[in-house]
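Subject: Structure handover

Hi,

Here is the structure you asked for. Please open it alongside the notes below.

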Amino acid sequence: MVDTEQRSESHRKTLADLVAEARRQIREISPEDLADAIDGGEPWLIVDLREPYEYERLHVPDSILVPRGLLEGAVESNSPHRIDTLCEARDRPVALLCTTGARSALAAVVLQQMGFTSVANIAGGIELWEGEDLPTASGPYLGPLP
């Protein structure tokens with residue numbers, strides 16, 4: 001007889017499992033394709049989901065910072081943690097960014113569930129963005145935080 005703990009461990013999902021499931025439900029965009037779209041005039045909003053200390057070290061210029069743990073409150077119109085720029089982007093193309101694309105893949109599912117119509121995960125995150133020699137900046141975030 002398999003004990004209950006062994007059975008529950010066999011059904012437990014790993015982070016990799018969760019991210020793989022999320023990626024099947026979302027759109028991903030390469031850093032280069034996103035940069036080309038922005039250069040072509042498309043009105044993408046880039047949302048960096050990392051922590052402030054990560055953002056300060058390296059970020060995409062003109063991105064907004066909304067740490068992953070605060071995302072749901074930042075997009076909720078009645079929340080005291082609302083970020084207007086993000087709340088008002090439900091029908092605008094929104095690209096989510098983290099270090100490697102895992103946190104942002106999970107967050108893309110959430111934003112879709114919350115009514116965002118054009119969400120994409122930046123494949124490979126800031127690591128790939130930087131690796132493709134796309135523009136980056138450093139310094140603290142000066143915009144509003146949730």
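Two strands pair if DSSP finds at least two bridges between them. Strands here are DSSP runs (E, at least two residues), as are helices (H or I, at least four residues), and both are numbered from the N terminus. This is a predicted model: local features need pLDDT of at least 70 and side-chain atom pairs count only at pLDDT 80 or more, while totals for chains, interfaces and linings use all residues. Residues are numbered from 1 along each chain as its sequence is written, and side-chain values use heavy atoms, with hydrogens and water left out.

Five strands form an open sheet in the order 1-5-4-2-3, with parallel pairing. Strand 1 (27–29) and strand 3 are the edges, since each pairs on one side only.

Start at strand 1. It joins strand 5 through three bridges, and the two run parallel. Arg-27 has Ala-120 in strand 5 as its bridge partner. Ala-120 is also the bridge partner of Ala-95. Strand 4 pairs with strand 5 in the parallel sense over three bridges. The chain gets from strand 4 to strand 5 through helix 7, and this β-α-β crossover is right-handed. Right-handed means that, with the strands pointing away from the viewer, the path from the first strand over the helix to the second runs clockwise.

Next comes strand 2. Four bridges pair it with strand 4 (residues 94–97), again in the parallel sense. Ile-46 stands opposite Ala-95, and Val-47 has Leu-96 as its bridge partner. On strand 3 (residues 64–65), strand 2 pairs over two bridges, also parallel. There, Asp-48 stands opposite Leu-65. The chain crosses from strand 2 to strand 3 through helix 4 (residues 52–57), and this β-α-β crossover is right-handed.

Buried faces

In a regular strand the side chains alternate between the two faces of the sheet. In strand 2 (residues 45–48), Leu-45 and Val-47 point one way, Ile-46 and Asp-48 the other, and all are buried. Buried means under 20% relative accessible area; exposed is over 50%, and partly exposed lies in between (1.4 Å probe, protein chains only). Strand 5 (residues 119–122) is covered on both faces: Val-119 and Asn-121 on one side, Ala-120 and Ile-122 on the other, are all buried.

The core

A nonpolar core is a set of buried Ala, Val, Leu, Ile, Met, Phe, Trp, Tyr and Cys residues joined through side-chain atoms within 4.5 Å. The largest one has 27 residues; Val-47, Leu-71, Leu-86, Val-94, Leu-96, Leu-111 and Phe-116 touch the most other members. Helix 7 (102–113) is among the elements that each supply at least two residues of this core. With six residues, helix 7 gives the most.

The pocket

A pocket is an open set of points on a 1 Å grid over the protein atoms alone, where a 1.4 Å probe fits, with protein on both sides within 12 Å along at least five of seven lines; lining residues have an atom within 4 Å of a point. The largest pocket is lined by 13 residues, and Ile-38, Ile-46, Val-60, Pro-61 and Asp-62 lie nearest its centre. Helix 3 supplies the largest share of that lining, three residues.

Best wishes
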